[in-house]
Amino acid sequence: MTSSLLWLLLCLLLPAVLLNLITYPSCSPAPTVGTSSSSSSLKVAVVADLHLAGPGTHWFDRFRRESFLQSTFRKIYWKLKPDALVVLGDVSDAGRKSNDAQWDAVVSRFWSVIGPFAKGPLQVVVGNHDVGDHHDQGMQARLPRFAASFPGLDPTCCSRYNWKLIDFISLNAMAMQGDRCSLCSDVEKVVEKHSVLVQQHGQNRSHNNRSGPVLLLHLPLYREDDSACNSLDVPRCAPWHELEGSCLGVMASPPPVATPEEPYKVGQDVLPPDLSKYVLEALKPRLVLNGHTHRWCDHIHEDGTREITVSSLTWRNRDDPSFVIATFDANSSIHIQHCMLAHESTVLTIYLMQGVSILIWALITGFVAHQRHRSKNTKPE
């Protein structure tokens, strides 16, 4: 009986220990101690596309995915110790289809999911799943409730924060389509206002010292496809993942030569080229951060501006989610760490093995008990 209980205890505890180990973020090498350990440096956790479940999602699916997100944010906070958190849009999966009560429920779950980050510096960017795409009816009517739900947003859902003398400017990418709509004009005025501040701030800076703001968007700046990225990100997914475009199966081997996806749709997947050029010239950002595509991309523009597209953080979109740690040093250098999270397929496999082990334990224990019972009831001749 003692050995049976020990086996059950092992079946319960070993997978739990293993899951705790594999669900810690695995990041690319950190900056050397001599360049980023000073108190003047700023470390920011950058995540995108949380897609917290809407009212139509099954409760168990929502529970397991959001429990994983909640655990992830706590491990990011305690292991990597960032100074601030940036969320690059699509907090909600169905915000554009939700009534006010449903939206309030999602926002409440968001604050619970991010855990310890709720008390620190935080900047949330508006996404198309939160309020709708540019031509969606009711998109502008949803902006006030989004702006009221997160700190620092103006009526256009743009914002500006200054952390350790570094400006972070977020813009409403869904209102940057160049069709002279009233909201588009309001966002252009925001860009012009920040452009003046950037010019005043940079008058005493050398030309090579990129001291502009960090630009935060939901949609990437214009690029034809991901062939412009330093390396192609080929997501892994299963049939239940909601990812546009092709992907590798969870058990498939990567192809010897990756091929880019079909061209992105201007205005829907990426910003128009003229507006992308205008924003780069007006704000002269030291770094551009965005999401939306659910794929990682590290891209250098012709003017030398670096753009990072951050992959989705949730298992809803892909089997292998990830995020970014951006470290800004006092000498204006920027270090980017790409951090991977546990594959959903790996976690499900561990749970499956645990279930099978417990089932085997139950069958063996029941069989042994049955045999003992039979031997006691068997009368000797």
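In the predicted model of the protein chain, residues 24 or more positions apart account for 74% of the contacts (heavy atoms within 4.5 Å) with a separation of 6 or more. Residues are numbered from 1 along each chain as its sequence is written, and side-chain values use heavy atoms, with hydrogens and water left out. Because the model is predicted, local features need pLDDT of at least 70 and side-chain atom pairs count only at pLDDT 80 or more, whereas totals for chains, interfaces and linings use all residues.

The mean pLDDT (the predictor's confidence in each residue, from 0 to 100) of the protein chain is 86, and 87% of its residues reach 70 or more. Confidence is lowest in helix α2 (residues 33-36), with a mean of 48, and highest in strand β10 (residues 287-290), at 98. The chain contains nine helices and 14 strands, which are DSSP runs numbered from the N terminus, with helices being H or I of at least four residues and strands E of at least two. Of the 381 residues, 49% are buried, where buried means under 20% relative accessible area, exposed over 50%, and partly exposed in between, with a 1.4 Å probe and protein chains only.

Six strands form an open sheet of mixed pairing in the order β1-β14-β13-β2-β3-β4, two strands being paired if DSSP finds at least two bridges between them. Since β1 (26-27) and β4 (122-124) stand at the edges, each with a single partner strand, one side of each is left without a neighbour in the sheet. Within this sheet, β2 (residues 42-47) and β3 (residues 84-87) pair in the parallel sense over four bridges, and Val47 stands opposite Val87 in β3.

Lys81, in the loop between α3 (59-80) and β3, has a positive phi of about 55° and counts as exposed at 55% relative accessibility. Leu165, in the loop between β5 (159-163) and β6 (166-170), has a phi near 70° and is likewise exposed, with a relative accessible area of 74%. Most residues other than glycine have a negative phi.

In helix α8 (residues 273-283), the buried residues are Leu275, Ser276, Val279, Leu280, Ala282 and Leu283, and just after this helix Lys284 takes a positive phi of about 45°. Over residues 348-369 the chain is 100% helix and 0% strand, and the end C-alpha atoms are 31 Å apart.
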